[in-house]
Amino acid sequence: MKKITGLVMTLVALFTLAACGGGSDKTADSSGAKSEDQLAAIKKAGVLKVATSADYAPFEFHTMVDGKDKIVGADIDLVNEIAKQLGVKAEVSDMSFNTVLASLKEGKSDIAISAISATKERQEQFNFTDNYYNPPQVVIINKKNENKFTSLDALKDKNVGAQKGSIQEDVVKTQIKDAKLVSIEKVPNMVIEVNSGSLDAMVVEKTIAESYVQQNPELMIANIDLKANEDEAFAIALPKEGSDKLQTEINKIIKKLNDEGKIDEYVKQNHELAEKSAEE
């Protein structure tokens, strides 16, 4: 035991000397660069790496443009404008929603935007911009159940879907407490299951719901009221460390775009594009 203690003390002493010598400059440089900042690194690289889950029209979705598959949407318009004002190019990567924030945490992306809500739990691990859009939540059901599912109580013991890792999971847990939450990775898969009857209902943001109901005439938005919550508003996620300056710059851009009504325009235009794409 004494030998082990002695060895530990020796190692501690060596570590301390290293920290007081050349290592201190390296640590200072490293931490300084980390906090100094992500914004400078992005500008130096000339690229803003963006993580998203492109299955959530009109915010992020796939469509054909000039014969090529392309990721579009209100969130994509927003990050393209942010990149433009930062003087860089946006590089968007598509992945499952459940891995969008993991990509950010692992340093594979600079920002994450995918109709993400800055919940208290997420704020413990990530920084967030100011909210840029606050959507109402609704319940989608099959039209054959229109007279059956008319209240939250009617969904007791029913299978209600929500996208895995999304704020809608919390909406089901807190507002439809007696329902059976079914977490599914992709929104289109939930739509299929509500169509087939394996899911009784699903919770989704209103604009998204309108797009899917437009594409699926068997579905409808139920006459069930869900409470709006500021925690459900959308924000852009940033790394916890080193993103202060980037956060400040993006907040300025978001404020300007909201003041000009641009973000509402992005949502409206992409809602129309999603409907047009569904008809083709």
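**Exercise 1. Confidence and overall make-up**

Task: State the mean pLDDT of the chain in this predicted model, and identify where the pLDDT is below 50.

Solution. 
Step 1. The mean pLDDT of the chain is 86. A value of 70 or more is reached by 86% of the residues.
Step 2. The pLDDT falls below 50 over residues 1-35. Beyond near neighbours in sequence, this stretch makes 7 contacts in the model.
Step 3. For the chain as a whole, the secondary structure comprises 11 helices and 12 strands. The chain has 280 residues, and 45% of them count as buried.
Step 4. Among contacts in the chain with a separation of 6 or more, 73% are between residues 24 or more positions apart.

**Exercise 2. The largest pocket**

Task: Give the volume of the largest pocket, and determine which element supplies the largest share of its lining.

Solution. 
Step 1. The largest pocket holds about 300 Å³ of space.
Step 2. Its lining consists of 17 residues, and those nearest the centre are Leu101, Thr119, Arg122, Gly165 and Ser166.
Step 3. Two or more lining residues come from each of helix H5 (97-105), helix H6 (120-123) and helix H7 (167-175). The largest share, 6 residues, belongs to H5.
Step 4. Sorted by class, the lining of the largest pocket contains 6 nonpolar, 5 polar and 6 charged residues.

**Exercise 3. The cavity**

Task: Determine how many cavities of 30 Å³ or more the structure holds, and list the residues that line the largest cavity.

Solution. 
Step 1. There is 1 cavity of 30 Å³ or more.
Step 2. The volume of the largest cavity is about 50 Å³.
Step 3. Its lining is made up of Ser53, Asp55, Tyr56, Phe97, Ser114, Ala115, Gln163, Ser166, Ile167, Gln168 and Phe234.
Step 4. By class, these lining residues are 5 nonpolar, 5 polar and 1 charged.
Step 5. Two links to the earlier exercises follow. Ser166 lines this cavity and is also among the residues nearest the centre of the largest pocket.

**Exercise 4. The aromatic cluster**

Task: Classify the ring pairs that Phe234 forms with Tyr132 and with Tyr133, and state which parts of the chain they link.

Solution. 
Step 1. The structure has 4 aromatic pairs.
Step 2. The ring centres of Tyr132 and Phe234 are 6.2 Å apart and the planes meet at 55°, so this pair is tilted.
Step 3. Tyr132 belongs to the loop between strand S6 (126-128) and S7, and Phe234 to the loop between strand S11 (219-221) and strand S12 (237-239); the pair therefore ties together parts 102 residues apart in sequence.
Step 4. Tyr132 has a relative accessibility of 4% and so counts as buried. Phe234, at 1%, likewise counts as buried.
Step 5. The pair of Tyr133 and Phe234 is tilted, with 6.0 Å from centre to centre and 40° between the planes. This pair links the loop between S6 and S7, which holds Tyr133, to the loop between S11 and S12, which holds Phe234, across 101 residues.
Step 6. Tyr133 counts as buried because its relative accessibility is 17%, under the 20% cut-off.
Step 7. Ring pairs join Phe59, Tyr132, Tyr133 and Phe234 into a cluster.

**Exercise 5. The setting of Ala45**

Task: Decide whether Ala45 is buried or exposed, and give the distance between its C-alpha atom and that of Val88.

Solution. 
Step 1. Ala45 lies in helix H3 (residues 38-45).
Step 2. The relative accessible area of Ala45 is 57%. The cut-off for exposed is over 50%, so Ala45 is exposed.
Step 3. Ala45 and Val88 are 43 residues apart along the chain, and their C-alpha atoms are separated by 8.2 Å.

Definitions and conventions:
Residues numbered from 1 in each chain as written. Predicted model: local features only at pLDDT ≥ 70, side-chain atom pairs only at ≥ 80, totals over all residues. Heavy atoms only, no water. 1 Å grid on protein atoms, 1.4 Å probe; cavity = no way out; pocket = protein on both sides within 12 Å on 5 of 7 lines; lining within 4 Å. Points joined across faces, edges and corners; volume = space filled by probe spheres on them. Helix = DSSP H or I, 4+ residues; strand = E, 2+ residues; numbered from the N terminus. Nonpolar A, V, L, I, M, F, W, Y, C, P; charged D, E, K, R; others polar. Phe/Tyr/Trp six-rings, centres within 6.5 Å; stacked < 30°, edge-to-face > 60°. Buried < 20%, exposed > 50% of the residue type's maximum accessible area, 1.4 Å probe, protein only. pLDDT = per-residue confidence, 0-100. Contact = heavy atoms within 4.5 Å.
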